[in-house]
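Please walk through the model below with the sequence at hand, taking its helices and charged pairs in turn.

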Amino acid sequence: MRGSIKLFRVFGIDINIHITFLLLILLVLPGGMRRVCLVLAIFCCVTMHELCHSLMAKRFGIKVHEITLLPIGGVASMSKMPDKPSQELAVSIAGPLSNLAIIVIFYYPLKMLLGPDVLFHPLSTATWPLTAAYAYWVNLILAGFNLLPAFPMDGGRILRAALASKLGMKKATRIAVSLGHIFALAFAYFGLVQFNLILVMIAVFIYIAASLEETRGGINDDNNG
């Protein structure tokens, strides 16, 4: 992806950061270092999410070139999408499962370290312990958001994989794409009503990505798995 800076390489995959990510840092900088650290922690979780997608894809012989971190999330650049619905299901669910795994693994250690009053406090960056709790619960938000049954979210791909064996890839894709458009319009509406620029950007990204998936070539009804 153009305009990206390589951070490091892991498992043969380049981890890049897009220059627009710096704008996000500038936006939260007035809020203090705790907010900056929160954003960095969130994108560590996003990187883990995308890395799990990528490692599962590599198990199926799919080459993963890079992962690029954007202000609205991460994008893994793969040589192709999985050939079979069962493979797409495995690749798609790997990301949200990684976030849920973080929730499970760190629940008791953080409960003991921070205390239940801090861990279950409403999301806040008022103190460093609260910021740590915020970063922890973001994993649940990431998992839930990505499991929305709409393209290009992981949930949309999981839905397509589930429907493809009975309806065929084309029909399953149309259903997931249509849901993607509906969710995008809903996000855009609430973003405009609440003057939330990030939500509007997410809506535009979802709508465009869903539309691109619909026009992709090489989709056929014989890809059952």
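Ser54 is buried, because its relative accessible area is 0%, where buried means under 20% relative accessible area, exposed means over 50%, and partly exposed lies in between (1.4 Å probe, protein chains only). The model is a predicted one, in which local features need pLDDT of at least 70 and side-chain atom pairs count only at pLDDT 80 or more, while totals for chains, interfaces and linings use all residues. Residues are numbered from 1 along each chain as its sequence is written, and side-chain values use heavy atoms, with hydrogens and water left out.

Ser54 belongs to helix 2, which covers residues 33-59; helices here are DSSP runs (H or I, at least four residues), as strands are (E, at least two), and they are numbered from the N terminus. When neighbours within four places in sequence are set aside, Ser54 is in contact with Ile13, Val64, Ile67, Ala76 and Met78, contact meaning heavy atoms within 4.5 Å. Thr47 is also placed in helix 2, and it counts as buried because its relative accessibility is 12%. With neighbours within four places in sequence again left aside, the contacts of Thr47 are Ile15 and Leu69.

Cys44, another residue that lies in helix 2, counts as exposed, since its relative accessibility is 54%. Between Cys44 and Val200 there are 156 residues of separation in sequence and 23 Å in space, taken from C-alpha to C-alpha.

**Helix 3, its bend and its end**

Helix 3 runs over residues 85-114, and its 30 residues should span 44 Å at 1.5 Å a residue, a value with which the 42 Å between its end C-alpha atoms agrees; the expected span is 1.5 Å times one less than the number of residues. At Tyr107 helix 3 bends by about 45°, and a proline, Pro109, follows within four residues. The bend at a residue is the angle between axes fitted to the seven residues ending there and the seven starting there. Just after helix 3 comes Gly115, which takes a positive phi of about 90°.

Lys111 is also found in helix 3, and because its relative accessibility is 29% it counts as partly exposed. Leaving aside neighbours within four places in sequence, Lys111 is in contact with Pro116 and Leu119. Lys111 and Ala133 are 22 residues apart in sequence, and their C-alpha atoms are 9.3 Å apart in space.

For helix 6, residues 154-167, the 14 residues should span 20 Å at 1.5 Å a residue, and the end C-alpha atoms are 19 Å apart, which agrees. The buried residues of helix 6 are Asp154, Gly155, Gly156, Arg157, Ile158, Arg160, Ala161 and Ala164, and what covers them includes helix 2, helix 3, helix 5, helix 7 (169-193) and helix 8 (197-215). Gly168 follows helix 6 and has a positive phi, near 90°.

How many salt bridges does a search of the whole structure find? The search finds 4, a salt bridge being a side-chain nitrogen of Lys or Arg within 4 Å of a carboxyl oxygen of Asp or Glu. One of them joins Glu88 to Arg157, with the closest N and O atoms 3.5 Å apart. Glu88 lies in helix 3 and Arg157 in helix 6, so this pair ties together parts that are 69 residues apart in sequence. Both Glu88 and Arg157 are buried.

Asp14 forms a salt bridge with Lys6, whose closest N and O atoms are 3.3 Å apart, and a salt bridge with Arg9, for which the corresponding separation is 2.7 Å. Asp14 is itself buried, because its relative accessible area is 17%.

**A nonpolar patch on the surface**

Leu23, Leu26, Leu29, Met33 and Trp128 form a nonpolar patch on the surface, and together they have about 540 Å² of accessible area. Patches are made of residues with over 30% relative accessible area and no salt bridge, like charges being joined within 9 Å and nonpolar side chains (Val, Leu, Ile, Met, Phe, Trp, Tyr) within 5 Å, and accessible areas come from the Shrake-Rupley method with a 1.4 Å probe, for which only the protein chains shown count as cover for residues. Trp128 is found in helix 5, residues 128-146, and it counts as partly exposed because its relative accessibility is 46%.
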